[in-house]
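Morning, everyone. I have one structure to walk you through today. Please put it up on the screen.

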Amino acid sequence: MGNEINNSEVEKIYKKLNNDAESGGYHLNPDNAFTKKLVRGLLINKKRYGYQACPCRLASGIKKEDMDIICPCDYRDPDLDEYGTCYCALYVDEEILEGKKKVGSIPERRYKREGKEKIKKGRSAKDVTMDVKYPVWRCRVCGYLCARENPPSVCPICKAKKERFEIFIKK
Amino acid sequence: MKHSKGIDKGKVILYALSTCQWCRKTKDLLRDLNIDYYYVDVDLADNEKQKELVEEIKKFNPSCSFPTLVIEDKDCIIGFDEEKIKEKFKKQ
């Protein structure tokens, strides 16, 4: 497969991801060589599928089905909470960043133990209807909430795209 | 399936993804341990083959995550578990 990604592309996206992460209170894995290989994987997937599916998960090629594993994935935050790293280890917590803890391979959160059903298509919230002036939108990646007619084009916290927002409170 | 030659420790198959760095580490570890093994990068297989492989993997690892290492069609090590892999091949 023609997956030639040049180094300058990797460097460019790595820098962008790093800036985005730090500005939102997240951290990229300090193991630069490892992290850049993951970034390359993301770029390969972008080329291959048209979206940046997690490099450590098998993408279906159908964007709608894989929305939850587009990086940053719906499982990053709970994995950071529980293990200090996301599934592919692109993102890590402060302890790992500072070298106090080692990063390792963690279990897959996407499916239940039995392995069949996806956990309610990611971490979907149950929407409620309220008598409010504006509906409230929730970023499925980081939980950011905003009250406005439509979600922002990019999440100001985690930089996930508009399509990752779900309705949280209907008006 | 690709073959990485080494010491015969029985039938060892690694299901991997070409873009996954834990899979990469698993391949490197098996090579460093000089284990004879076969591997397949499932993401690079064509659609039909991919479906077949996914079914194969699910028999050992229902969530079909990567890497999945299957030894002698019965034992399975999920994820890059360095200790477990070393232990497994030490005993045999």
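Let's start with chain B and its radius of gyration. Chain B has 92 residues, and a compact globule of that length would come out near 12 Å. Chain B has 12 Å, so it agrees with the globule rule.

Keep in mind that this is a predicted model. How confident is the predictor in chain B, by mean pLDDT? The mean is 95, and 98% of the residues of chain B reach 70 or more. For the complex, the predictor gives an ipTM of 0.92 and a pTM of 0.88.

Stay with chain B. Along the principal axes, its C-alpha atoms fill a box of roughly 35 × 20 × 20 Å. Buried residues make up 35% of the 92 in chain B.

Now the elements. Chain B has five strands and three helices. Read them from the N terminus and you get β-β-α-β-α-β-β-α. What about contacts along the sequence? Take the contacts in chain B between residues at least 6 apart: 64% of them join residues at least 24 apart.

Over to chain A. Where are its domains? Domain 1 of chain A covers 7-97, and domain 2 covers 128-170. Between their C-alpha centres there are 22 Å. The two domains do touch: domain 1 of chain A gives six residues to the contact, and domain 2 of chain A gives seven. What kinds of residues does domain 1 of chain A bring to that side? Four are charged, one is polar and one is nonpolar.

That's my tour. Over to you for questions.

How values were computed
Residues numbered from 1 in each chain as written. Chains lettered and ligands numbered in written order. Predicted model: local features only at pLDDT ≥ 70, side-chain atom pairs only at ≥ 80, totals over all residues. Domains from an automatic or database assignment. Nonpolar A, V, L, I, M, F, W, Y, C, P; charged D, E, K, R; others polar. pLDDT = per-residue confidence, 0-100. Helix = DSSP H or I, 4+ residues; strand = E, 2+ residues; numbered from the N terminus. Rg over C-alpha atoms; globule rule 2.2 N^0.38 Å. Buried ≥ 20, exposed ≤ 12 C-beta atoms within 10 Å, placed from the backbone.
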